[in-house]
Amino acid sequence: MSQERPETPESPVSEGAPRRRRADAVRNAEAVREAAKQVFAESGIDAPMREIAARAGVGVGTVYRSYPLRSDLIIAVFRHELEATAQDARTLADEHPPREALRLWTRSLARFLATKRGFATALHSGDPAYAPLPAQFLGVLAPEVQRILDLGAADGTMRRDIRAEDMIHALGRLSDAGPADGTDADASRMIDVLLDGIAAR
């Protein structure tokens, strides 16, 4: 997969306060990242950058100022979705009993895994730019899942010998086969069986 450079030049950024320019740059980068997420899902990760720029409402040059290489944009989308999945775990842990929080979180995990599947070609391309991502996957999610497991152990509803890494792998295998919204009935039943298996006895 090629690492593309800008397709067309773009006029210089208009003069203004540095703070305003930085704020505009941040907004543009966020708009491009969100547009890329949508375009990648619809057209694949090799979709033209001009399609992403049009969806974001910016010029192609703006895309490349924020993400000089296609891999930069793919990694940005991956990491943003990964952090959103971790944030869902934090929120659910605060709002629900541990077992219910873990069950509800499987839907967030399924959505993230659907995004990850869409990036499979890039992630398995051998490009060293993607090499840190597998470790980041567990590094970001495991502490949040471990918190839920620890809360379950503390309130007596979950076993104390369950590792977050093992739970993520198990939930991932079950969620990965279903649709992106995590509503597959068969997968949901198997997840319930798995969660019953970690209940304290």
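Of the 201 residues in the protein chain, 37% are buried, where buried means under 20% relative accessible area, exposed means over 50% and partly exposed is in between (1.4 Å probe, protein chains only). What you're looking at is a predicted model, in which local features need pLDDT of at least 70 and side-chain atom pairs count only at pLDDT 80 or more, while totals for chains, interfaces and linings use all residues. Residues are numbered from 1 along each chain as its sequence is written, and side-chain values use heavy atoms, with hydrogens and water left out.

What is the chain built from? It has nine helices and zero strands, so the run from the N terminus reads α-α-α-α-α-α-α-α-α (helices are DSSP runs of H or I with at least four residues, strands are runs of E with at least two, and numbering starts at the N terminus). Now for contacts, meaning heavy atoms within 4.5 Å. Among those between residues at least 6 apart in sequence, 71% join residues at least 24 apart.

Let's start with helix H4, residues 70-95, and its partner H5, residues 98-118. Two packed helices are described by the angle between their axes and the distance between the axes. Here the axes come within 9 Å and cross at roughly 175°; the axes are lines fitted to C-alpha atoms over the stretch in contact, and angles run from 0 to 180 degrees between N-to-C directions. That makes H4 roughly antiparallel to H5, a label for angles over 145 degrees, just as under 35 counts as roughly parallel, 65 to 115 as roughly perpendicular and the rest as oblique. On the H4 side the contact includes Phe 78, Leu 82 and Leu 92, and on the H5 side it includes Ala 101, Trp 105 and Phe 112. By class, this contact has 10 nonpolar, three polar and four charged residues. (Ala, Val, Leu, Ile, Met, Phe, Trp, Tyr, Cys and Pro count as nonpolar, Asp, Glu, Lys and Arg as charged, and the others, Gly among them, as polar.)

Zoom in on Ala 101, which sits in H5. Is it buried or exposed? Ala 101 is buried, with a relative accessible area of 0%. Leaving aside neighbours within four places in sequence, Ala 101 touches Leu 92, Ala 93, His 96 and Ile 148. Over in H4 you'll find Ala 84, which is partly exposed at 30% relative accessible area. Ala 84 and Leu 109 are 25 residues apart in sequence, yet their C-alpha atoms are 9.9 Å apart in space.

H4 also packs against helix H7, residues 133-154, at an angle of about 5° with the axes 9 Å apart. H4 and H7 are therefore roughly parallel to each other. Among the residues making this contact are Ile 75, Phe 78 and Ala 86 of H4, and Leu 133, Phe 137 and Ile 148 of H7. This contact divides into 12 nonpolar, two polar and six charged residues.

H7 itself has 22 residues and spans 32 Å from its first C-alpha to its last, close to the 32 Å expected, a figure that is 1.5 Å times one less than the number of residues. Where does H7 kink? Look at Ala 142, shortly before the proline Pro 143, for a kink of about 35°; the bend is the angle between axes fitted to the seven residues ending there and the seven starting there. Ala 142 is one of the buried residues of H7, which also include Leu 141 and Val 145. After H7 comes Gly 156, whose phi is positive, near 80°.
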